[in-house]
Amino acid sequence: MTSTPPPRSGVPDGLMDAFWAYERALMADDLEALDRLFAPGPETLRGDAHGLLVGHATISEFRGARGGAPARRIVETHVQVVDDDHALVVAVTELARGGRGQQTQLWTRLDSGWAVSAAHVAVPPPALDTRIWRVVGDPLVPATAAGALTGTSVAVKDLYAVAGQRIGAGNPAWLADAPVQPEHAFVVEQLLAAGADVRGIARTDEFAWSLAGTNAHYGAAPNPRAPYRIPGGSSSGSASAVSLGHASIGLGTDTGGSIRVPAAYQGLYGLRTTHDLVSREGLLPLAPSFDTVGWLTRDADLLRRVGEVLLPAPTDASGGSDELVVVPQLLALATPEVAGAVTAAVPEARRESWELPLAEWHDAFGTLQAWDAWQQHGAWVEGRLDTLGPDVAGRFRTASTVTREAADRAQAVVAGARDRIRDLVGDRVLVLPSASSVAPRLGAPLDDVRTATLRLTLLAGLGGLPALSVPTETADRLPCGVCFVAAPGRDRDLLDLAVRRETKPLEP
């Protein structure tokens, strides 16, 4: 319970009444009262550890989606009067779950009464953010030798074997049945031998079958570069760990874009490797026809250093041209803001028109992916669909209906698409958006975004090609990605390209 302190000398009339009315409305999740007690207009501010919300409408939308604030009581308040119409109120809070926080509010006297025009809220951080990590250590597994990656740390997507741990695959029921792994996955072993520590095991969307990062069981990992927006999946935990600075390297996978999409949404560098170029030993599969190893970093140099550890030695056959090609048909799949950012990032790219049956390829990719996924996991999923989140459960239900004949037809289309894509790319580098939009807001509908994004990302998947996502920004400074796709085996060329194109962050 809260109690109103005695009036302070010099405190403007009505201010503390408004303060306590706000506190009661917050604990009751009275959205109408909260809207009334926050100043109207586009310049009202509310910030916390996740980011800054600007504008009354944005703040109201956030409140409506969060489902109420944590229970708390006010321990003490302090008022600093600015003038007759403005005052700063700082309150120390005590949360019912434990720990103390603090809130700072700038109150403004309007014709309608006192209202908050700016606020900052601080609460104790969790000991372990389970949206990002399943298990974490300091480190969880130390490096086994000194090497090129000494001093770095890895967030391992919860699909890779880590000795002494289970593979959780983003699903609590799967985790409960999973055996303890006797040895590390191949790539985990390589990273440890190169001097990297394993910081921990990072969350994934269930069975890696999503591009959103909104796990139904553990929640959406935070996106620090685009607060209150989705992180991108399915390598969402690995990406958020890197973006937040919890780890240097995010080890993930890319089947239909699960490295490139979170890289784009969170302003990271990410590489999807050539299909079958890097061993998937010790990796829980989703769709082996398309699954690849990939990783994310905050800078291009480290991205390349990881490649020097995990990629096979270069061969003469891996060379090619640096010519960049942009296809307007592919740019048109992205929002104007993202398409504009990609075009501005590669002004030297040659425009070229390609005739691409994207709808047919999208259907074939989805059918073969679903067939693969059911062959891998159908025996376990059948009878356990109620343990899956709605989106992933729906995909497995569809997968259960795919016949061998449908899979064979899809395989034939995929084989033809692979030949066509490789022929079009040739020894050049295709440039396209890494995702069709900036990160959607939490709670926004995702079906159309997913379809448009998959029609971009499936080109590398169908072609079995390496794909590099390089961060850029839209005009309003939201992160997005420029994707570079090259011929099979040109992974190192793409990593060199990333280093050459790296730019310093824009000045504020």
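**Close-up views of a predicted model**

View 1. C480 counts as buried because its relative accessibility is 2%, where buried means under 20% relative accessible area, exposed means over 50%, and partly exposed lies in between (1.4 Å probe, protein chains only). C483 is likewise buried, with a relative accessible area of 2%. Residues are numbered from 1 along each chain as its sequence is written, side-chain values use heavy atoms, and hydrogens and water are left out. Local features need pLDDT of at least 70 and side-chain atom pairs count only at pLDDT 80 or more, whereas totals for chains, interfaces and linings use all residues.

**View 2. The aromatic pair W174 and W380.** Rings of Phe, Tyr and Trp (its six-membered ring) pair if their centres lie within 6.5 Å, and planes under 30 degrees apart count as stacked, over 60 as edge-to-face and the rest as tilted; the whole structure holds 11 aromatic pairs. In one of them, the ring centres of W174 and W380 are 5.2 Å apart and the planes stand at 70 degrees, so the pair is edge-to-face. This pair links distant parts of the chain, with W174 in helix α4 (residues 172–177) and W380 in helix α11 (residues 358–381), 206 residues apart. Helices (H or I, at least four residues) and strands (E, at least two) are DSSP runs, numbered from the N terminus.

**View 3. The open sheet and its edge strand β16.** Two strands pair if DSSP finds at least two bridges between them, and an open sheet of 11 strands with mixed pairing runs in the order β7-β9-β8-β12-β14-β13-β18-β19-β17-β15-β16. At its edges stand β7 (133–141) and β16 (350–351), each with a single partner strand, so one side of each is left without a neighbour in the sheet. Strand β15 (residues 324–326) pairs with β16 in the parallel sense over two bridges, and R350 in β16 is the bridge partner of V325.
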